[in-house]
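Subject: Structure for you, with notes

Hello,

Here is the structure I promised to pass on. Please open it first, then read the notes below it.

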Amino acid sequence: MRIVVVGSINMDVIASVDKLPLPGETVAASSVQYSPGGKGANQAVAAARAGADVWMIGATGSDPFAQATRNSLASAGVDIGHVADKPGATGMAIIEVGADGENHIVLAAGANGLLGPADVVRAASVLASCDMVLLQNEVPWSVNQEAMRIAKASGTRVCYNPAPVRKLDIKALEGVDVLVMNETEAAAFVATVPQGLDGDWSALGVLSDAGIGMTVVTLGSRGLVCYHRNGLIRLQAFPVRAIDTTAAGDTFIGAFAAAFDEQNVLYALRFGAAAAAIAVTKPGAQASVPSRSEIDRLLKASGGKVE
């Protein structure tokens, strides 16, 4: 699978706390660590470690974090030839992680906000020759629009993760083939989001009517649902003890994309879910992303088919 990721590259500053602070409350951190992240970079690393050939289109700044974030991508096997140099700071995420693995995240766009359509055009040949392009919301929307334009003209599938939530008209999704989002993000597009795996998910039909071939809604420890032309798939999560949910969604998307096959959607969903389950058992963003062999072992241990 050949995948291009257009998106953010961040340095994460992660503080571990016993409990997440309430508004106005100060809590003590038991540890602080720096870890390369960013939704785009996380998804690129996840796809590469899952076995795909991956190219990254993004930007880093002129600060010391730029090289560290680039090195993390390259060490995972991601091609960084289309990562642009921008003035100022590299993107940053300030993350608080509670003892239960839940988190609060504050983003500073930095160089991600300076990425422009021209940066995508310079990588048009790579976009046109790949199987799937992954997009998110941590770079300007104009960047995503240009990537979708090139992808659709070339017959490349577009997988869009509308995170962080951005107010968009459903018509803006006309270039999207696969939509992957959590419950909060789904609420921005459909009137009713069920509480739980067994709810009535027929409201996702409005996205199918808009031309999106497949919609996946991740439900954390409860699993996921996938709405596509052959019906609704409900998939329970792999039972694990979560210690840090940072980048779990990104890990799912990258691994799911690496295994994507329209003839075997269930396998790709299970593969992505297994990757995410492993990721939440480890601290950090890219540091928690599993390898292909780790994913295969979990699938085999759970009785699932390994392909």
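Predicted model: local features only at pLDDT ≥ 70, side-chain atom pairs only at ≥ 80, totals over all residues.

**The nine-stranded sheet**

Start with the sheet of nine strands. It is open, with mixed pairing, and the order is β5-β4-β1-β8-β9-β10-β11-β12-β13. The edges are β5 (79–85) and β13 (231–235), and each of these pairs on one side only. On average, neighbouring strands here are turned by 15 degrees against each other, direction ignored.

Inside this sheet, look at β9 (residues 157–160) and β10 (residues 178–182). They run parallel and are joined by two bridges. Tyr160 stands opposite Leu179 of β10.

**The four-stranded sheet**

There is also an open sheet of four strands. Its order is β3-β2-β6-β7, again with mixed pairing. The twist from one strand to the next averages 15 degrees.

Strand β6 (residues 91–97) runs antiparallel to β7, and six bridges join the two. In one of these pairings, Glu96 has His104 of β7 as its bridge partner.

**The cores**

In soluble globular proteins, nonpolar side chains tend to be buried together. Which residues have the most contacts inside the largest nonpolar core? They are Val54, Phe252, Phe256, Leu269 and Ile295, in a core of 51 residues. Helix α9 (residues 265–279) gives the largest share of this core, with eleven residues.

Phe252 is worth a click. Beyond its neighbours within four places in sequence, Phe252 is in contact with Val180, Val216, Thr218 and Leu224, among others. The list also includes Leu269, Gly272, Ala273 and Ala276.

Another core lies apart from the largest one. This other core has 41 residues, including Val6, Val126, Trp141 and Val176.

**Helix α10**

Now turn to α10 (residues 292–301). Ile295, Asp296 and Leu299 are buried in this helix. Seen down the axis, the buried residues of α10 fall within an arc of 100 degrees, so they line one face of the helix. Arg297 and Ala301, on the other side of α10, are exposed. The cover over the buried residues of α10 includes α8 and α9. Just after α10 comes Gly303, with a positive phi of about 90 degrees.

**Thr69**

Thr69 sits in helix α2 (residues 65–75). Is Thr69 buried or exposed? Thr69 counts as buried because its relative accessible area is 2%, and the cut-off for buried is under 20%. A polar atom of the Thr69 side chain lies 2.8 Å from the backbone oxygen of Ala66. Leaving out neighbours within four places in sequence, Thr69 is in contact with Ile9, Asn10, Met11, Pro36, Thr60 and Thr90.

Most residues other than glycine have a negative phi, and most peptide bonds are trans. Two places in this model are worth a look with that in mind.

- The peptide bond between Ala163 and Pro164 is cis, with omega about -10 degrees. Pro164 is in the loop between β9 and β10.
- Ala247 is not a glycine, yet its phi is positive, at about 70 degrees. Ala247 belongs to the loop between β13 and α8 (248–258). Ala247 is buried, with a relative accessible area of 10%.

**Ala188**

Last, a loop residue. Where is Ala188? Ala188 is in the loop between α6 (183–186) and α7 (205–209). Its relative accessibility is 38%, so Ala188 counts as partly exposed. The C-alpha atoms of Ala188 and Pro162 are separated by 9.3 Å, while the two residues are 26 residues apart along the chain.

Best wishes

Key: Residues numbered from 1 in each chain as written. Heavy atoms only, no water. Pairing = 2+ DSSP bridges. Axes fitted to C-alpha atoms, helices over the stretch in contact; angles between N-to-C directions. Core = buried A, V, L, I, M, F, W, Y, C linked by side-chain atoms within 4.5 Å. Buried < 20%, exposed > 50% of the residue type's maximum accessible area, 1.4 Å probe, protein only. Contact = heavy atoms within 4.5 Å. Polar contact = N/O pair within 3.5 Å; in protein donor to acceptor, adjacent residues only side chain to side chain. Arc of directions from axis to C-beta.
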